[in-house]
Amino acid sequence: MIDLSDLSKSFGGTPALTSTRLKIAPGELVCLLGPSGCGKSTLLRLISGLIPPDTGRILLDGQDMTQTPANRRPTAMVFQSHALWPHMTVARNVGFGLRVRGLPRSEIAAKTEAALEMVGLRGFDRRLPSELSGGQAQRVALARCLVVAPKVLLMDEPFSALDAHLRKSLREELKALQRRLGLTTIFVTHDQEEAMELADRIVVMKKGAIEQEDTPSGLYACPATLSVAQFIGQMNVTLATARDGCVAWGGRRIEMPVSGDLTLACRPEDLLPDPQGVPAEVIRITDLGPLLRVALMTPQGEALTWLTPRAAAPLPGARIRLWPRALHVFRGETLLETIQPQRLTLEEDA
Amino acid sequence: MRRFPLGGLTLLTAMVLAMLGPVVTVVLWAFAVKWRYPQILPTEWGLKFWAEVLSRQTITGPVLTSLALASVATTAAALICWPAAFAFARLRFPGRQLLLFSFIAAQAVPKFALFLSIAVIFLQLGLVGTFPGVALVQGLSAMLVMIWIPTAAFRAIPPALEEAAFDLGASRLRVFLAVTLPQAMPALAASYVLAFVAVLFEVDSGLLIGAPKVTTMPLTLMTLSAQVVVQDAAVLCVMIWLPCFVLLLLTRRFMTSRGIAEGLGA
């Protein structure tokens, strides 16, 4: 459906996107994820045609649209600011794309009503945007796009101005709607939780380039770089130097086939109680509801975060022993391998 | 219950009186037939002076001239300034800021001196004492308001509003007519009315460029005010004040962008 090759864009000499390739299948919901300034919005605007690329090619549905302006592309965009026209009623906002296409009045009315029904805003047609809540405005903005039956729906952080609860329920609605319509969708966000929840596939971006693309669970389980590992979920990160086939972690030696300076990363939920594990003192416990987040300190003065079910709750000040069931090994930014560390020796340090 | 803010209320009353007091006095004079010193209100009311003023060609003539002049000058200025304001707001060209500030710089020169030097040039061009000559100078003095207010208005429109329309298939022209113009319209209308009223009451252009053949309303008003009969000037004042007041009110009340958008087929 979408085939981008070698796309680059810079603004006033500052590169915003460098030589990017991306393919998106029909009906797929892809999230572009990254911190602000990573080029995700630029990529979206290039696809919409609102800005032209410096180099590269944009194929939409098999057609070369690189030079086609936004008003002749089969894409429709929902903006972060909802961008509803304040001087038009909800119905006129939604019907705009149809009026531009010169459809007969009766057809516009019917399609507008159907689109409003689809986003759950039946009967709102006579209201002005100023009379809508943030969530309602964003639904109208979505209806305004859906009504023209775009081949690709583009969403630029549409929910980031809304409160957490509303964001969550809108996400679920959007996902259901997108599934039902089989609509190819690109969703830009800086919120990794949002991306994990929505996407069929997440494209992680950093400094104008794609860092990694994978399914949410694939990204979580196998982060290709240290920055992806730290951006998607949480990681306990330790710097270590491997010598003679071994590396130290929390005062314990672990077998390590590679040598040199390494970064060891471990998910908080991958730490498990183990009578022969690394000793640590419980500093603080945060109740997350189903889980507890426990802040720990090793005798070496290293901070660790541990996620555990409520049943296993320790008390602050308690000394416990933990062992990682999986450890991601990075050299610089690059993942070397993920190991299940075996304890080699047992030497008490504390 | 909150205590009544007596100090604030006193200040408010004082300000309203200070602003409206003179206007009320003029209005009273316009309808007064007899009003002698110790009386607080006129002792005899009537439209006697209205009939008199309206029957005098030397007064009604300049009023009509001034209205025509202000309409032509303001409309011409709008036709030049509004597109320019759009360009100022949207385009980044070298010297943009300088050009914008040159309008303010020109406005800071005393009108009298500026028009005097223009009059010298117009004398050679044969424009002194002609309708186009006065209209040209008045249009010039209307430009500041007509550039600055609309430029700010165009710039205040969020780009996403226009992008959304363009993205949904509208042509550039359609985007402008359906989104940009309705959003800017209240400010455009306000700039028009402000410039119109300012031009209408402006004295120097009539004095320096119009005289002796084109007599404007403010000049007549000055002549009348210098005479003994206060009522003539008061009647003329009210006569000209009323339409301007209504015009200013209309801008506020009816120039909403919504109505205009539907008129333009958005």
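Contact, as the word is used here, means heavy atoms within 4.5 Å. This is a predicted model, in which local features need pLDDT of at least 70, side-chain atom pairs count only at pLDDT 80 or more, and totals for chains, interfaces and linings use all residues. Residues are numbered from 1 along each chain as its sequence is written, chains are lettered from A and ligands numbered from 1 in the order in which they are written, and side-chain values use heavy atoms, with hydrogens and water left out.

**Chain A**

Chain A has eight helices and 20 strands, these being DSSP runs numbered from the N terminus (helices H or I, at least four residues; strands E, at least two). Its C-alpha atoms fill a box of roughly 80 × 45 × 35 Å along the principal axes. Of the 350 residues in chain A, 51% are buried, that is, under 20% relative accessible area (1.4 Å probe, protein chains only).

**Two contact surfaces**

| Parts | Residues in contact | Buried area |
|---|---|---|
| Chain A and chain B | 28 residues from chain A, 21 residues from chain B | about 2100 Å², 62% on carbon and sulfur atoms |
| Domain 1 and domain 2 of chain B | seven residues from domain 1, seven residues from domain 2 | about 590 Å², 81% from carbon and sulfur atoms |

**Between the chains**

One salt bridge is counted between chain A and chain B, a side-chain nitrogen of Lys or Arg within 4 Å of a carboxyl oxygen of Asp or Glu; it joins A:R45 and B:E163 at 2.5 Å, N to O. Eight residue pairs across this interface are in polar contact (both at pLDDT 80 or more), meaning a pair of N or O atoms within 3.5 Å, of which, within protein, one must be able to donate a hydrogen and the other to accept it, while residues adjacent in sequence count only if both atoms are side-chain atoms. On the side of chain A that touches chain B, α2(A) gives the most, with five residues.

**Within chain B**

Definitions and conventions. Buried area is the accessible area (1.4 Å probe) that two parts lose on being put together, summed over both. Buried means under 20% relative accessible area, exposed over 50%, partly exposed in between (1.4 Å probe, protein chains only).
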